[in-house]
Amino acid sequence: MRALYTAATGMAAQELNVQVISNNIANMRTTGFKKQTAQFQDLIYDHVRRVGTQASDQGTIIPVGVDIGGGVKTVGTPRLMTQGTLSTTGNDLDLAVRGEGFFKIQMPDGTYRYTRDGSFTTDNTGRVVTAAGNPVQPTITIPNGAYGITVASNGQVSVTVSGSTTPTVIGQIGLTRFINKTGLQPEGDNLFLETQASGPPQDGIATVDGLGDMLQKTLEQANVEVVNEISDLIAAQRAYEMNAKVVSAADQMLQSTSNMFR
């Protein structure tokens, strides 16, 4: 019976939906995390009687067809790239982007990744790096003995060195934007990789050409709304249960039909 397979596709779709929701909830405290949503489409139809076909020699047109659906399929789990809540931390190298743009990170193999996680620190050479030790681009090196680190809204980094009372500009942290940022590929570790879908990276300076600004001593939290996730989880659970009931009902009908011909 076709209903068994149709309902099975619904159960599989809602299982994936719950997996997406559970990942959102698990990362509700992950800096710079962007939530995902599951998107579905109906499967191909079996057109038993096509609407609009001729029903008689006199030219009568069928106003309503008979179309039997095959179920549902998952077409994507896009990320919602909206702004997360900004949280003050007090750490000099904690940076948040307010608006458009990603921090550009250089990997050990020389390639680049992109992130909204601005929880930076320094390595043993003074470079500003991520928690994994990968340098932010352009590379910024804090001089030995420097203090009073200041990051302006445009990413310009200034420090005061020993023996001086005047801040010195040592570099500028840039931002990168993409034509289709939802086309970025997540790699874990709060990093994204450019793809053909995202378009090429467009490096720039914060507050210029539509890029957002930077906030020092601030981090962007995940854009996960717990109440919405719980509501979606309950809805997915109910949909799964309904499809399971269809499977059970279809199985009972098959058993009844089988008993009739014994």
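**View 1. Arg 238 and Glu 241 sit three residues apart in helix 2 (residues 226–260), about one turn of the helix.** This is a predicted model, so keep that in mind for every view here. Arg 238 and Glu 241 form a salt bridge, and their closest N and O atoms are 3.7 Å apart. Arg 238 has 44% relative accessibility, so it counts as partly exposed. Glu 241 is partly exposed too, with a relative accessible area of 34%.

**View 2. Here's helix 1, which covers residues 2–26.**

**View 3. Now for the largest nonpolar core, a set of 21 residues.** Look for Phe 103, Phe 120 and Ile 173, the ones with the most contacts inside this core.

**View 4. Glu 100 and Lys 181 meet through their side chains in a salt bridge, at 3.0 Å from N to O.** Glu 100 is in the loop between strand 6 and strand 7, while Lys 181 is in the loop between strand 14 (175–177) and strand 15, so this pair ties together parts that are 81 residues apart in sequence. Lys 181 counts as partly exposed because its relative accessibility is 23%.

**View 5. Asp 123 and Arg 127 make another salt bridge, with the closest N and O atoms 2.9 Å apart.** Asp 123, at 21% relative accessibility, counts as partly exposed. Buried would mean under 20%. Arg 127 counts as partly exposed as well, at 28%. Elsewhere, Lys 34, Arg 116 and Glu 220 are linked in a network of salt bridges. The count for the model comes to 10 salt bridges.

**View 6. Strand 15 (residues 185–188) and strand 16 (residues 191–193) run antiparallel, joined by three bridges.** Together they form a hairpin with two residues between them. Find Asp 189 in the turn: its phi is positive, about 60 degrees. Gly 188 stands opposite Leu 191 in strand 16.

Key
Residues are numbered from 1 along each chain as its sequence is written. This is a predicted model: local features need pLDDT of at least 70, side-chain atom pairs count only at pLDDT 80 or more; totals for chains, interfaces and linings use all residues. Side-chain values use heavy atoms; hydrogens and water are left out. Two strands pair if DSSP finds at least two bridges between them. Helices (H or I, at least four residues) and strands (E, at least two) are DSSP runs, numbered from the N terminus. The expected span of a helix is 1.5 Å times one less than its number of residues. A nonpolar core is a set of buried Ala, Val, Leu, Ile, Met, Phe, Trp, Tyr and Cys residues joined through side-chain atoms within 4.5 Å. Buried means under 20% relative accessible area, exposed over 50%, partly exposed in between (1.4 Å probe, protein chains only). A salt bridge is a side-chain nitrogen of Lys or Arg within 4 Å of a carboxyl oxygen of Asp or Glu.
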